[in-house]
Structures are given as C-alpha cells and as structure tokens.
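Me: Got a model open here. Can you walk me through the packing?
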Amino acid sequence: MLTKKQLDLLDFIHKRVQRDGVPPSFDEMKEALDLRSKSGIHRLITALEERGFIRRLAHRARAIEIVKLPESLGGEPQPGFKPRVIDGDKPDAPMPAGAQAVSSASAMDVPLVGRIAAGLPIEAINENTASVAVPGQMLSGKGDHYALEVKGDSMIDAGINDGDVVVIRETSVADNGDIVVALIDEHEATLKRYLRQGNTVALEAANPAYETRIFTDDKVKVQGKLVGLIRTY
C-alpha cells in the first residue's frame, strides 16, 4: 500500500513516460506534487524503489524505469493475504474481498495473548488470560500459534478491521509481502506488511491514511506471521 504522495508521484511519472517516452525531471516532480524542496521527491523516489514500483538506472539522466503499477493505476493484482474468516452470528454480513468462510468444525483452542496495534502504536499485552477456538485447517503443522485482538484501522484494506482477532503462527522470519507481528525496539508491537531491502525493513500499512515506517533491520524482530482471522458481530 502506497501513501497518497507516493501514489501521486508514481502516477505522474507513469503518465509522463507514456506521453514523452522519458520520465519528468525532479523539478517537474516537485512542482507537480507542490513540494517545497527536491529532498521530498528524493524520499518518495526511494520509497517507491524500495517497494519495487520503480528502478533507478545508474549513470543516466532521468533514469527512472516503471517496474510495476498498483491496481489503482491499472496494474496487475499483487499476491497477498486473503483472510480466512470465521463468521459470527450474522450470516448475511459481508466478508472482506477474497475471504473464505471457514467451518468451526474440528476447532482447537489457541491462547489469546493480548492486543496488537493496527494503527497508532500500542504495546502488545502479553497476558495469556483467555483462549479462542480456531478451526484446525487454519493452523499449520509448523510452530505454535497464538491469537491477538486488533486495535486500529491501518490494515483495513487487507480486510482486517478494528476488533478482529488475528491468528498468528510463531516464526522469526518472513517473506516480502507477508503480514506479520513486528516488535520494534523491543517494546512496540504492530501488525503490518513486511518489506525488506538490504539492511532496512519497511512496515507498511494497508490504509493510505498511514505512512509506511522504515527501520534498520536491527530495530525490527518478526514475532509471527498472519494465517487467519476471526470476526464476530
């Protein structure tokens, strides 16, 4: 998910390349986005490159190549998490796009260990005071699983709402594009999409109202990977 400024810049570059065959200059980008300095454009360009939407070619003027476009600009759908949802007692309520209803048969108890931020930072509450019943097919045979209540709306475009319970498989590794529980600086836990390039890690929201946060890899520890979602009404 791109921020509005990132999306606006990518759209502007794409349209100029389509029209002129070459990308715009940094001055033209600055004027188009109504920014005060070119340093803001440099930051946006870096963010787009880290997310794999553009590529900068060395030793060439205006050397920006469009690699892919998001769906909102006509690009191909990107693979990602499609939540398997356990519905509550409202059978006609809509499920998130791409979601699959999951039967509660053969359920297993998974510890509900606290809350996780999907919005403004909060700390995970590591108190195993309850458990939730999770269908066996939602759990993999690799590693332990736990559940967290979601607080916030930063992952809403991924079908994850405030108040949902997410099912997490414990792991310390993740692939680019995975939605993970990330621990930042040993104290702040958050649920975000994981993107790594070199020695930096981007934690990306699925809501354009929230900025992507970028850290050095030593500041971020993966605590688990999202495998399912439970919603009640």
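Me: What is valine 166 in contact with, leaving aside its neighbours within four places in sequence?
Reply: Valine 166 contacts Ile116, Tyr146, Ala147, Leu148, Val150, Ile160, Leu191, Leu226, Gly228 and Leu229. Contact means heavy atoms within 4.5 Å. This is a predicted model: local features need pLDDT of at least 70, side-chain atom pairs count only at pLDDT 80 or more, and totals for chains, interfaces and linings use all residues. Residues are numbered from 1 along each chain as its sequence is written, and side-chain values use heavy atoms, with hydrogens and water left out.

Me: Which residues have the most contacts inside the largest nonpolar core?
Reply: Ile116, Leu148, Ile160, Val166, Ile168 and Leu191, in a core of 19 residues. Such a core is a set of buried Ala, Val, Leu, Ile, Met, Phe, Trp, Tyr and Cys residues joined through side-chain atoms within 4.5 Å. Buried means under 20% relative accessible area, exposed over 50%, partly exposed in between (1.4 Å probe, protein chains only).

Me: And which strands each supply at least two residues of this core?
Reply: S5, S7, S8, S9, S10 and S13. Strands (E, at least two residues) and helices (H or I, at least four) are DSSP runs, numbered from the N terminus. Another core, of 13 residues, lies apart; Met29 and Leu33 are among them.

Me: New topic. Where is threonine 216?
Reply: In strand S12, residues 213–216.
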